[in-house]
Structure formats: structure tokens, C-alpha cells
Amino acid sequence: MLEKKTLNYEKVVLIGVINQHQDEAKSKEYLDELEFLTYTAGGEVLKRFIQKVDIPNPKTFIGSGKMQEVESFVDEHEIGTVVFDDELSPAQQKNIERILRCKILDRTSLILDIFAQRAQTSYARTQVELAQYQYLLPRLTGLWTHLERQRGGIGMRGPGETEIETDRRIVRDRIALLKKKLVTIDKQMATQRSNRGALVRVALIGYTNVGKSTLMNVVSKSDVFAENKLFATLDTTVRKVVIGNLPFLLSDTVGFIRKLPTQLVESFKSTLDEVREADLLLHVVDISHPNFEEHIESVNTILTEIKSQDKPTIMVFNKIDNYVHEEIEEDDLITEKTKKHFTLEDWMDTWMSKIGDNALFISALNKENLSDFRERVYKEVRKIHVTRFPYNNFLYPEIIEES
Ligand SMILES: Nc1nc2c(ncn2[C@@H]2O[C@H](COP(=O)(O)OP(=O)(O)OP(=O)(O)O)[C@@H](O)[C@H]2O)c(=O)[nH]1
Ligand SMILES: [Mg+2]
């Protein structure tokens, strides 16, 4: 799955746990995702350590025996960065850093680092920088910054070419400044959105890397950056799209992820306002991902956080071209059919019985079933459009007539 590794990738070790909330399989899936995040940030994973712990050690998160194992591996292989899948308290981070003498990151700081690398506009940069400093402030005392040889690299990079500041006083001032700047930008963005008029607003949402931008490109014939890395899109793109004469606005926005740092949810207020103010949500799902149902849950949790859980929503199951399932041999009478044996048809039946024609199955890449997609979106947008522009209904027949 991963591209050829280059020499300047940082050497990284991952640490995860197994407990009553996550069994071995779950833990593996989470670490797979963490590895993908690490790779996106510019790291190469040399080893994973997994420990069974029900209650994390308050001082070092994992137990001392495991920590010794990690320590000798880190020494032997000159590891520069250790990433924990779970959020560490500032105290834990400090203690672990003292033992391992290298950079200690967690999922949150890794995601923040990727966001910093991906932020293009000054608006996105401001949002990310604020989130980074809010995360860092309580952690500055113990930070690895005193390890001079470790300066820079993953977790130390601010937006653009900058390196993050580690002086507490400067950080505090910077936070205050960034907050002010964001208030101004938020106002400008709100004005911009209200200037867009009464056109129906549709937002593409979903877990990261599911194909939102690819779908946006196919539907709007635009050119939005799509890539097989996480968080390819940070800035919202809005395009006017016309289906069968009917114009509406389609926005492509930042992907969600399990445990999206709360600092990010807050500072991405304007970006998420795009979702909050949308009339219709297209929830894109990568059905070829073994964990797609959990992705749906994570997305729904964030929708609830931003009070958008009750909006009209069409579920768009993408990447059907890539869907694979395990077969049960005909003479195998023992294996019980579970979800991993589901065919695509089984999933279609399951979802259609749940939400009827609000479930669509497509491939944005191979342009499969896109006419169904257009038809369905047209119907839904039309419903909203005719309530806003009641005088020219005749322009939009019930059924789409492609011009
Ligand atoms: N096989 C397959 N791959 C797809 C399909 N749609 C998108 N992809 C691939 O999935 C990867 C992610 O696509 P993007 O469009 O960047 O996904 P995104 O949801 O915008 O991702 P973020 O912006 O990172 O949240 C790319 O490598 C696409 O080529 C599809 O229908 N089938
Ligand atoms: Mg995207």
C-alpha cells in the first residue's frame, strides 16, 4: 500500500494497547491507521509495540516491563520518534520522554502536524497554528525541545516553513493573537457565505481518504487535489454545479477521523460551518475499507458535536470497484456468515432496507453508477430549490433531463 520509502523518512515506533474497549483486532486496525498517519506525516514505522492494559499506567501509560523493551529497541535502532495511539497527559509525555530520550507524540499531535503541513491558505494556517499551540501549551515544560539533536521534524513543524515556538510566554501571546485573527476571519467567511444567496447548499462530508474530492471533481469537472494520503483537503472548496439545468453549490471539505482532536474541531469552526449551514449532506463512505462502519460512526459523532446530525443526508458508498469479501465454500457448513462475508449486494440490501434510496453505491474513480447519483442528488436538491424559488418550478421537471 505504501509508496517506496525515501531516505529522509523519520524512523518511528508505534505503541498501542489492548483493553476492554478494543480487542486485538481493533487495536491492529487502529495501529494500521496510525501507521498511515505516520507515513502521511513523513515517518517510516519500524516496529509496533502492543500491551494489554485495562488501566493505563498514570506515569508512563504502558507498564515498566514493556517500556524497557521499547527503550532497548529505540536505542538499538536509533529511533527518533515514538507515537502513541492514545492521548497522553502532559505528565505522561514528560516521563516517557525522560526514559526514552526521543520525541514522544500521540495521535493528536501527529494529526496536528499533518494539518500544519497541508494548510494552504492563511485562513487554514491560522486555524491549525492555534490548535497546535493550544495542544502544546500545557506540555511545554517537558517538551523534547531540550534535546537539541531532536529539534525539527514531525510534531515540531508549524504551518508553512515555520518551526513551532516553544517559549511559554511567546506561545501565550501568539494564542491570543491567533484567536483575534480568527474572529476577524470567521466574520469575513460568514459574510462570504451569506453573499452566496439562496442557492441550495450541498456538502460532501465523510471520513478522510474516502474519495470526497474525487467525487467533487467528477461531478463539478473541477480540479480539487485528491491523493492517497490522509487529509489531502484542508481548505473548503465550493463549486457551482448544474444538474439538468438546476444550479446548486457543492462544497468539499476537510475529512473526519476517529478522535479528531477537539482543538481542531474548535478552531476549524468556519470550515465546519460549511457543513452546519448546508441544506443537504452527502456522507461519502469508503465501502472497500474493512472498518467503514466504524468510520460512519465517527463521522456521525462529529456531526452531533456540531449539531448537524438531523440534516437531510444521502449516504454515498464509494469505491465499489475496490470492494472484496471473504467467500464461504459451498460445502463449508461450519463457518457462520458474518459481515466480512457480505457481498456488495448484501450491503445494498442492508442499507436500502434501513434508509431506502438514501443509500447510493458508486465508484467515483471508475465513474460507475454516477447517473444514479446525479438523479438522486437532483431530486433532493430540487425539493429544496422549489421552496426557495417557487416561481420557476416549470424549469425543473421531476425527473432530470440532462441538457
Ligand atoms: N478504487 C477507488 N479509489 C478511489 C475512488 N474514489 C477515490 N479513490 C481514491 O481514494 C484516494 C482518496 O481520494 P480523495 O478524493 O483524495 O479522498 P478525500 O475523501 O477527499 O480525502 P481527504 O481530503 O484526505 O479527506 C485517492 O487515491 C483516490 O484516487 C473509487 O471510487 N475507487
Ligand atoms: Mg479531499
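**Exercise 1.** In which loop is Glu-327 found? Determine also whether Glu-327 is buried or exposed.

*Solution.* The structure is a predicted model.
Step 1. Glu-327 is found in the loop that runs between strand S9 (313-318) and helix H11 (344-355).
Step 2. The relative accessible area of Glu-327 is 64%. A residue counts as exposed over 50%, so Glu-327 is exposed.
Step 3. On the surface, Glu-327 gathers with Glu-329, Glu-330 and Asp-331 in a patch of negative charge.

**Exercise 2.** Identify the parts of the chain that the salt bridge between Glu-35 and Arg-48 ties together.

*Solution.* Step 1. The closest N and O atoms of Glu-35 and Arg-48 are 2.9 Å apart. The cut-off for a salt bridge is 4 Å, and the two residues form one.
Step 2. Glu-35 belongs to helix H1 (residues 24-41) and Arg-48 to strand S2 (residues 43-52), so the pair joins parts that lie 13 residues apart in sequence.
Step 3. Arg-48 is partly exposed, at 26% relative accessibility.

**Exercise 3.** Describe the salt bridge between Asp-273 and Arg-276, and state whether Asp-273 is buried or exposed.

*Solution.* Step 1. The closest N and O atoms of this pair are 2.4 Å apart.
Step 2. Asp-273 and Arg-276 are separated by about one helical turn, because they stand 3 residues apart in helix H9 (residues 269-276).
Step 3. Asp-273 has a relative accessibility of 6% and counts as buried, whereas Arg-276, with 31%, is partly exposed.
Step 4. In the whole structure, a search finds 24 salt bridges.

Technical notes
Residues are numbered from 1 along each chain as its sequence is written. Chains are lettered from A and ligands numbered from 1 in the order in which they are written. This is a predicted model: local features need pLDDT of at least 70, side-chain atom pairs count only at pLDDT 80 or more; totals for chains, interfaces and linings use all residues. Side-chain values use heavy atoms; hydrogens and water are left out. Patches are made of residues with over 30% relative accessible area and no salt bridge: like charges are joined within 9 Å, nonpolar side chains (Val, Leu, Ile, Met, Phe, Trp, Tyr) within 5 Å. Accessible areas come from the Shrake-Rupley method with a 1.4 Å probe; for residues, only the protein chains shown count as cover. A salt bridge is a side-chain nitrogen of Lys or Arg within 4 Å of a carboxyl oxygen of Asp or Glu. Lys and Arg count as positive and Asp and Glu as negative; His and the chain ends are not counted. The place of a charge is taken as NZ of Lys, CZ of Arg, CG of Asp or CD of Glu. Helices (H or I, at least four residues) and strands (E, at least two) are DSSP runs, numbered from the N terminus. Buried means under 20% relative accessible area, exposed over 50%, partly exposed in between (1.4 Å probe, protein chains only).
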